[in-house]
Amino acid sequence: MSNIQTQSWLIDRRHALRGLGSFIALPLLDCMNSARASEVPKPKRSVFIYIPNGVNTLDYQITTPGDDYTFSKSLSPLEKHRSIVTPISGLHHPGGLGHHHNCQKIWLTGGKLGPTDRNTISVDQKMAEVTSPQTRFHSLEIANKGESLAWTPDGIRLPGTSRSSEIFAYLFEEPKSGTAAQRRALRRKGSVLDSNLEEVRKLEKKMGAEDKGRLAQYLNAVRETEIRTQRADAWLDVPRPSIAEADRKRTNRDVPQTQAGDYFRAMYDLIVLAFQTDATRVATFSSGVEGQGLPIPELGISQSRHELSHHNGDPGHMEKLTQSDTFAVEQFSYFLSRLAETKDLDGRPLIETTMALFGSGMAYGHSHGNANLPTVLAGGAGLGLKHGRHFDLNEGHFDGYKLDDPGHHYRLCGRPANTEAHMSNLLLTMAQKMGVETDHFGDSNRELDLG
Amino acid sequence: MTRLCLTLLASLVVALSSAEEPFEPFLEKHCVGCHGADKEKGDLRIDALSRDFKLGIDGHLWGEIVERINSGEMPPEEEEQPSENEIAEVIAHLDARIREGRAARMAARPSVAHYRLSRKEYQNTVYDLLGVRYDPTKPGELNEDPRWHGFERIGSELSLAPSHVERYYRAAETVLTRAFPEKPVEPRTIRKTAAELRYQGGEKQQVYLDRFGITRPLRALMFPGRVQPALQPHWFGQTGPEHSGLYRVKIKASGIRPPGGQPAHLRIGRKTDEQSNDGLIELDILAPENEPEIYEFEVFLEMPADLHFNVVATDIIDRQKGGHYRNALSKAHYVFTHTSETRLLNPTAPKMFDEEGNGIFSSVLLDWIEWEGPIESKAEQATRVGLRPGDEATPEEIAGHLQRFAELTWRRPVSKDELTPFLQSYESERSVGEGVFTAYQVALLGVLTSRNFTYLVEGDVVPRDQLTDWELATRLSYLLWSSMPDKALLDAAREGKLTGEGDGLTAQVDRMLADPKINRFIDDFPGQWLQLHRLGMFPPDRKLYPSYDVWLEASMREEVGHYFREVFANNLSLDSFIHSDWTVANPRLCDFYGLPEPKNSGFQRVSFRPQDKRGGLLTMGGILGLTSDGTRHRPVHRGVWVSEAIFGKTPPPPPANVDPIEPNPPESPKATIRQKIEAHAENANCAACHRNIDPLGLAFDQFDAIGQWRTHERVDEGKGSDPPVNPSGTLPDGRAFADAKEFKELLLEDRDLFLKAFIEHLCTYALRRVITVDDEEDIEAIVDESKKQAYRLKDIVRAVATSNIIQRR
C-alpha cells in the first residue's frame with residue numbers, strides 16, 4: 001500500500017470516532033497517522049440534479065432581482081429554504097443554443113455540439129479528480145434512464161444507474177466473495193493491466209515522438225485504471241459503513257418510476273446517505289432524458305415532460321407542466337431538508353458542506369429555447385456560498401420581464417440577453433469552491449460572485 | 001454533373017487547387033473594410049486568418065464568421081446588405097472548407113492507427129472466437145458507442161476512458177468463465193402451466209370449476225395494459241451468470257382478436273413498468289381459442305433473467321381509464337377457461353367479451369410456457385477444442401498455446417517476444433501457487449484485454465499506404481461479417497493471396513458474400529446509414545397518435561432491415577431504395593399502410609398499389625418517423641435527413657439563436673408547420689439555406705409524424721378547420737414536383753448522385769473513418785464499376801470490397 005500512501009489519503013480521525021446514525025467505522029489506517037492529520041480540511045461535496053425539457057417558464061420566472069424577491073409559483077416549495085438557496089436567471093451555454101434536446105449532454109460540460117465536435121469533461125468529474133482520492137467511490141451517477149450527466153475528459157458519457165437497490169448494494173454492501181478473494185481478483189487485474197501496459201510501451205518506444213493518436217489515450221486509460229485498482233485494493237481493508245436500519249429501509253428497495261415522488265425521494269435519500277458516509281463526494285442525478293421525462297401518475301399527469309413541454313400553447317398542458325415543475329421542485333426541497341437535518345461527521349448539517357445545483361439545459365421546451373436556463377444553487381455555506389437573493393444576470397441587459405407577453409418572454413428564453421452570462425461561469429465557480437485549481441472551465445469567461 | 005439536383009450540394013465540391021478561395025470577393029466586399037488592415041473591429045482581421053482549413057488553426061473564428069453572416073448579424077444593418085444568393089454562396093463555400101478541414105482531421109491516420117471495436121463487433125467476435133454468447137448492451141457491461149451521423153464504428157469517435165478499460169476487463173472475465181466454466185453447466189427445463197402462473201397452483205379454482213361441472217382446464221387470460229411474469233430468476237432454482245446462453249422457449253397459446261381489431265400480439269422481455277416491457281421476443285398469436293398452437297423459438301438470455309409477458313395493443317386497459325377493471329381481472333378469483341364460460345364463472349367481473357362471445361380487447365390465452373437451456377451447439381463447442389493446455393503442460397507448451405490463441409485473437413502472426421509480458425503474468429500466478437489452467441487464464445485475460453484485440457490495428461512504425469494481407473483480411477471481415485476473419489480468410493492472408501496478383505481477393509469476397517454471416521452486414525449497415533437509432537427517440541404522444549404502439553415501432557424498424565435484405569439477396573438496383581411497388585411487411589404494418597391483411601404472421605413481401613402512396617425507403621413509417629419529435633413532423637429535419645442519407649451532404653448548421661416557432665395563437669386561423677416555416681424563411685439569411693433543405697422534407701408533408709397518410713394537418717389551436725397540406729415544391733435547379741411521388745421521380749433522375757453518396761457511406765462503414773476529398777479518385781472508380789453493374793446492390797458491395805480504397809490505409 002506504500003505506493004498510495006500520500007497526503008491525499010489522510011482521513012480525519014474524527015470520522016472514525018463519531019457515530020451518528022449511519023457512520024463509517026474506520027480502523028486505524030496507516031494513512032491516518034500523520035503529523036498534519038488535525039489540519040485535514042472538511043469534506044467538500046457537490047451534487048447536480050437535472051430536470052429535462054425546461055419548465056413552464058411563465059410560472060417559473062422570478063421577476064425581481066436581489067434580496068427582496070418573491071418566489072414564483074413553481075419555485076414556491078423552496079420558500080422555506082430561502083436562506084440557503086439562490087435562484088439564478090439569465091445563464092446559457094453558448095454551445096447549446098439551437099441544439100434542442102442535446103442541451104442535456106453539455107449541461108455540466110459547457111462543450112460544443114456539432115457533428116465533429118466531441119464533448120468534454122463534466123464539472124462533476126473535474127471535481128471528482130480532486131475528491132476521489134479520499135473516498136471509496138470516484139463519483140456516483142444516478143440516471144433514471146441510464147444516461148448520466150457525467151462525461152469523461154474524452155467526451156464519453158458515464159453510464160448511470162437507475163435502481164435504488166442496485167445503488168445501495170454498490171455503495172454499502174460487502175461483495176459476497178470476501179476480502180481475500182477480492183484481493184486476489186484485484187491483484188490479477190493489476191497483473192493483467194501491467195502486462196498490457198508493457199506490451200504497449202514496447203511499441204511506444206519504437207514510435208518515438210510522432211503522433212501516437214489512440215495509443216496515448218489507451219496508455220492513459222489503462223494507467224488510470226491501474227491506479228483505481230490499487231485504490232480499491234487499499235479500501236478492501238476498510239469495512240463498508242454500517243447503515244442504520246431506518247436508512248436502510250428508506251433506500252434499499254426498488255421503487256418503480258411510476259411512483260414518481262417516491263422514486264425521487266429514494267434517490268435523494270441515497271445521495272444523502274452516500275454523502276453522510278463519505279462513500280463519495282460527487283453525485284449527479286438525471287431525473288430523465290429529454291425524450292422521456294417522468295410522467296407523474298400521482299398527480300394525474302400521464303404525459304412525459306417532453307410531451308408536456310410541447311404544449312402548443314394549450315392552457316391545460318401548460319398547467320400540467322407547471323404542476324410537474326412544481327413537483328420536481330418539491331422533491332428538491334425535500335432533498336435540501338434532508339441535507340439540513342442530517343449531521344456530517346463533525347456534527348454540522350450536511351448542507352453546509354454540500355453544494356446542490358438543480359436545473360435544466362432548456363428553458364422554453366416548446367421551441368427548444370436554450371437560454372435563461374432554470375437554475376437553482378443551494379447549500380455549501382461552508383464552501384463560501386452566500387444565499388438569500390435572486391441572482392439575476394439578465395439585469396442591466398434587458399428591459400425587464402414581461403410575463404404577460406409570452407412571446408417576449410419566450411424570446412428571452414431562446415436568445416440570451418446577457419451574452420456574457422455563460423453557464424460555464426457557474427460551473428467554474430463551483431469547481432473552484434470544491435478545490436479544483438483552475439481559472440477556466442468549458443467556455444467560461446469569468447467567475448460568478450457567489451459570496 | 002451536367003444536371004444538378006441541388007446547386008448547394010454541387011457547390012460543396014470546391015476545387016482544392018484554386019489559387020483564390022471563391023469566398024474571398026465576398027469577404028473583400030463586405031467584411032475586410034472593418035475587419036482588416038485599416039480597421040480591426042472586435043480584434044478580428046479576416047484578411048489575416050489562416051486559410052489552411054486542414055490544420056484548422058483559425059477554425060473557430062471561421063465558424064464564428066459563418067454564424068454571424070448566417071444569423072444576419074453581419075454585415076451590420078447600416079452597411080450594404082448582400083443578396084440572398086450571395087449569402088447562400090459564401091456560407092456554402094466557407095462551410096464546405098471548414099467541413100473538409102474537419103473531415104481531414106477526423107480521417108487523419110497516424111503511422112499506427114487504432115480503431116476500437118464497437119459493442120456489436122465485440123459480441124460477434126467473442127462468439128466466433130470462443131463460441132460464447134455475451135450481451136455487451138446489458139446495463140453495467142460495455143459502454144454505448146458514440147455515433148457519427150449514425151455510424152457507430154468511426155475510429156476517431158470510439159475513444160477509450162478508464163471506465164472502458166474496467167468494462168473490457170470484466171467482459172473478458174465473463175467471456176472466459178463462459179468458455180471454460182469451473183464445472184460444466186447442464187441444460188435444465190422448466191414448464192409453468194397457466195394454473196401455476198396465474199392461479200398459484202389453481203387448486204381452489206379447480207374446486208370452483210368442479211362445482212360448475214366445467215371440464216376445460218384453467219387458462220391465463222392476458223390482457224393489454226398489465227405485464228405478468230414469463231420467467232423469474234428462482235424458477236430454475238440456483239441460477240447465476242454461468243447459466244447464460246441460448247434458451248429454447250415453447251409457448252402453448254391462442255389469441256382473442258376483437259372484430260375489426262388488432263390480432264393479439266405477445267411481447268416477452270424485461271419489464272419497464274407495470275404496463276410495458278422491452279421487446280426480446282415478439283409474437284403474433286393468430287391461433288384461435290379452440291385451436292391453440294405451440295409457438296417455439298430460441299433466444300439468448302443473460303441469466304439470471306426476469307422476463308415478463310405483455311400483450312401489446314393500441315387499446316389497453318390502463319390504470320387511468322380502467323383501474324378497477326384492471327384490478328378485478330388480475331385477481332386470482334377471476335377464473336378463465338373459455339370465452340363461453342366466462343359469464344358463468346365471473347358474473348360480477350368487468351366484461352371482456354360481448355354478447356356474441358367476441359373479445360373487446362386483443363388478448364392472449366396462455367396454456368403453458370416452457371424454458372430449456374442453456375443449449376450449446378456442437379459448432380460452438382468445437383471453437384474451443386485444443387485451446388486448453390493440459391494440467392502438466394511445460395512452460396514451452398504454455399507459450400505455444402498462448403501464441404496460437406493470440407494469433408487468432410489478434411488476427412495476425414504474433415511473435416513470442418510480444419507475448420513475454422503475458423507469460424510473465426502466468427509465471428507470477430504460478431509462483432503464488434495457482435494451478436496451470438488458473439494461471440493460464442490470467443494470460444488469456446491479458447490477450448483478450450490487449451489493444452491488439454479491442455482495436456483493429458493498422459500500420460507500422462514506418463508509415464505505409466497499403467494494408468498488409470492480415471490487415472486487409474480483418475477489414476474485409478469487419479465490413480462483411482462485423483466480426484473476425486475465419487480460418488479460410490486467415491489462410492488466404494497467410495499465403496499473401498489478398499493483396500497479390502490474381503483473383504484471391506475476389507474469390508474471398510465472393511465466398512464471404514455467400515456466407516450466412518453476411519446477415520450481420522445486413523443487420524448493421526442499413527440502420528447506421530439511415531440513422532435508424534433515432535426512431536422512437538421521442539415517443540409519439542399517445543393522444544395524438546392513438547394507433548401507435550411499441551409493436552408498430554418495432555415493426556417499422558424491422559421493415560427497413562428486411563427490405564434491405566430483399567434488395568441485397570436479389571441483387572436489385574439501388575433504385576429500389578428510392579421507389580418500388582413492394583415492401584416487406586408484417587400484418588401490423590400492412591394494417592398501418594392500409595394493405596390487405598396477409599394470411600401469415602411475420603414479415604413477407606407484399607405489393608403496393610398506386611393508391612397506397614408508398615414504395616421505397618423514403619415513405620416507410622420508420623424513416624418518416626425518425627425525424628419527428630413525438631408531437632409533430634419536422635419538415636426541415638426530414639430535409640436534412642434526405643440530404644445526408646441520399647446525397648451524403650450535411651447542410652450548414654442553423655445559426656444558434658433562431659426565433660422560436662410559436663404555438664398557433666387560439667385567435668388566429670390554423671396554420672400548417674409549412675406555412676409557419678415559410679413565414680420564417682422570408683428573411684434572406686434564413687432563405688439562403690432553407691430553400692435548399694426544406695423542399696427535400698416538405699415533399700413528404702402528406703405523411704404525419706408517425707408516417708400516416710393524410711390530406712390535412714391536425715392543428716389543435718386556432719380558428720377554422722384543419723388546413724390542407726401542401727407537398728409540392730421546387731428544387732433549387734428549378735425542377736418542380738407536386739408531391740412525394742414526383743419528388744422520388746426527380747431523385748431517380750439524380751441516381752448517380754445517390755450512387756456516389758451510397759458508396760461513400762459504405763466506405764465510411766468499411767474504413768471506419770470519414771471520407772475526404774483525397775479519396776475522390778478511388779470513390780469514382782467504384783462508381784464507374786457500379787454503373788457497369790447496373791447499380792445492383794450486391795455488386796456495389798462487392799465493388800467496394802474489392803476496390804483500391806479498401807486496400808489502402
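Trainee: In which handedness of crossing does α12(B) pass α14(B)?
Mentor: This is a predicted model. Take the two helices of chain B, α12(B) and α14(B). The crossing in which α12(B) passes α14(B) is right-handed.

Trainee: Are α12(B) and α14(B) roughly parallel or roughly antiparallel?
Mentor: Helix α12(B) covers residues 395-410. Its axis lies 10 Å from that of α14(B), at an angle of about 25 degrees. Angles under 35 degrees count as roughly parallel. Therefore α12(B) and α14(B) are roughly parallel.

Trainee: How many charged residues are in the contact of α12(B) with α14(B)?
Mentor: From α12(B) come I398(B), L402(B), F405(B), A406(B) and T409(B). They meet Y440(B), A443(B), L444(B), V447(B) and L448(B) of α14(B). By class, the contact has 9 nonpolar residues and 1 polar, and the number of charged ones is none: no charged.

Trainee: Which element gives the most to the side of chain B that touches chain A?
Mentor: Between the chains, 61 residues of chain B are in contact with 57 residues of chain A. Elements of chain B that each supply at least two residues include α4 (84-107), β1 (113-116) and α14 (436-449). The top contribution is 6 residues, and it comes from α6(B).

Trainee: How many nonpolar residues has the side of chain B that touches chain A?
Mentor: That side also holds 13 charged residues. Another 19 are polar. The nonpolar count is 29.

Trainee: What percentage of the residues in chain A is buried?
Mentor: Chain A has 13 helices and 9 strands. It runs to 451 residues. The buried share is 53%.

Methods. Residues numbered from 1 in each chain as written. Chains lettered and ligands numbered in written order. Predicted model: local features only at pLDDT ≥ 70, side-chain atom pairs only at ≥ 80, totals over all residues. Contact = placed C-beta atoms within 7 Å. Helix = DSSP H or I, 4+ residues; strand = E, 2+ residues; numbered from the N terminus. Nonpolar A, V, L, I, M, F, W, Y, C, P; charged D, E, K, R; others polar. Buried ≥ 20, exposed ≤ 12 C-beta atoms within 10 Å, placed from the backbone. Axes fitted to C-alpha atoms, helices over the stretch in contact; angles between N-to-C directions. Parallel < 35°, antiparallel > 145°, perpendicular 65-115°, else oblique. Left-handed = near helix turned anticlockwise from the far one by under 90°.
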